[in-house]
Amino acid sequence: MRKRQEHSEAGSVAVVVALSLTVLIGFVAIGVDVGRMYIVRERIYNAADSAVLAGVQHLPGDPDGAVETAHLFLSRNGFDPGGASVAVDETTNRKLSIGLNTGVDMTFARVLGFTRQNVFGRSAAERLNAAAVEGAVPLSVSKDQDFQFGNQITLKAGSGSNYAPGNFGAIQLGKPGANQYRDNLLYGFSGWVTAGEYYSTEPGNIAGPTAEGVNYRIGLDPEATFDRADRKSPRLLKVPVIDSYPNGKGEFKCLGFAVFFLEGATSSSKEDTVTGRFLRFDVTGRGSTDVPGYGAFVTRLSQ
């Protein structure tokens, strides 16, 4: 009798073990394939992020170019653009979004009836006008400047220019004086400059420090050109755009920012010039849709 009981208990244990192994194998199968789905999902998000950041560079002026560039980057990252939804926000023309869907073939989970699962990812980026920047230079340009992007112009000039009496385009960022002005031109202002806030002009020509600062920056990246400049090139200046120049020492309102590529400087006792070209270019800083645009943008991932 006892042997029959032991035999029955052994059979029950075998059934329980078999069932447990089946469940365990199922969990392992699910775990392996879920892991594969997670890896694919990460690839989707990385590809979508890359595509929107590349495409959004065409906004707000070229929505079709933004979509085409996004498709190109999806292909480069191994995804069929035909399986993606790429769209520009028509309200602002500043936001590009991508929804990407791809199927993942199951391996072990097939024993549970799962042969293929869809994995979806989404990303979006927007390109805003620069509203606050670090590293601005102590030069300025009026809102009435004709921003002919790519054409060579004179950003700062000496006597006989169109600035208000006593001003030649120089502004005070931090302490007043030629030394601070020169340091700000050499290295960029260490603090933030913010659109909507008021700053002071730096009256006078300040010819020597201007030429010194400009030539120093050009010498750090002598091979750069305005159409092939690296984003971190010291020849790219973040220039505050102001409402109007007061006479002599006075306050002005910063309206926004422009990006200026340095090409040269000349200096004499009576005249000081800085030449270069305005660009449409991304900078590091804070962006906003409420700030006027003068070619300096801040791009960020969004939802």
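This report describes the salt bridges, ring contacts, nonpolar core and surface patch of one predicted model.

## Basis of the description

Because the model is predicted, local features need a pLDDT of at least 70 and side-chain atom pairs count only at pLDDT 80 or more, whereas totals for chains, interfaces and linings use all residues. Residues are numbered from 1 along each chain as its sequence is written, and side-chain values use heavy atoms, with hydrogens and water left out.

## Salt bridges

Three salt bridges are found in a search of the whole structure, a salt bridge being a side-chain nitrogen of Lys or Arg within 4 Å of a carboxyl oxygen of Asp or Glu. In one of them, the side chains of arginine 300 and glutamate 126 meet at 2.9 Å, N to O. Arginine 300 lies in strand E14 and glutamate 126 in strand E3, so this pair ties together parts that are 174 residues apart in sequence; strands here are DSSP runs (E, at least two residues) and helices are DSSP runs too (H or I, at least four residues), numbered from the N terminus. Glutamate 126 is buried, with a relative accessible area of 15%, while arginine 300, at 40%, counts as partly exposed; buried means under 20% relative accessible area, exposed over 50%, and partly exposed in between, with a 1.4 Å probe and protein chains only.

Another salt bridge joins the side chains of aspartate 282 and arginine 127 (2.9 Å, N to O). Aspartate 282 belongs to strand E12 (residues 281–282) and arginine 127 to strand E3, so parts 155 residues apart in sequence are tied together. Aspartate 282 is buried at 8%, and arginine 127 is buried at 5%.

## Aromatic rings

The charged end of arginine 127 also sits over the ring of phenylalanine 297, 4.0 Å from its centre; for this, NZ of Lys or CZ of Arg must be within 6 Å of the ring centre and within 35 degrees of the ring normal.

Rings can also pair with one another: those of Phe, Tyr and Trp (its six-membered ring) form a pair if their centres lie within 6.5 Å, and planes under 30 degrees apart count as stacked, over 60 as edge-to-face and the rest as tilted. The count by this rule comes to six aromatic pairs. Phenylalanine 147 and tyrosine 294 make a tilted pair, 5.5 Å centre to centre with 40° between the planes. Each of the two lies in a loop between strands, phenylalanine 147 between E4 (141–142) and E5 (152–156) and tyrosine 294 between E13 (285–288) and E14 (296–302), so the pair ties together parts that are 147 residues apart in sequence. Both belong to one aromatic cluster, which also includes Phe149, Phe260 and Phe278.

## Core and surface

The largest nonpolar core has 26 residues, of which Ala130, Leu173, Val193, Leu236 and Phe257 touch the most other members; such a core is a set of buried Ala, Val, Leu, Ile, Met, Phe, Trp, Tyr and Cys residues joined through side-chain atoms within 4.5 Å. Among the elements that give two or more residues to this core are strands E3 (116–134) and E9 (236–242), and the largest share, five residues, comes from E10.

On the surface, Tyr187, Tyr216 and Leu220 form a nonpolar patch with about 340 Å² of accessible area together. A patch is made of residues with over 30% relative accessible area and no salt bridge, with like charges joined within 9 Å and nonpolar side chains (Val, Leu, Ile, Met, Phe, Trp, Tyr) within 5 Å, and accessible areas come from the Shrake-Rupley method with a 1.4 Å probe, where for residues only the protein chains shown count as cover. Tyrosine 216 is placed in helix H4 (residues 207–220) and is partly exposed, with a relative accessible area of 35%.
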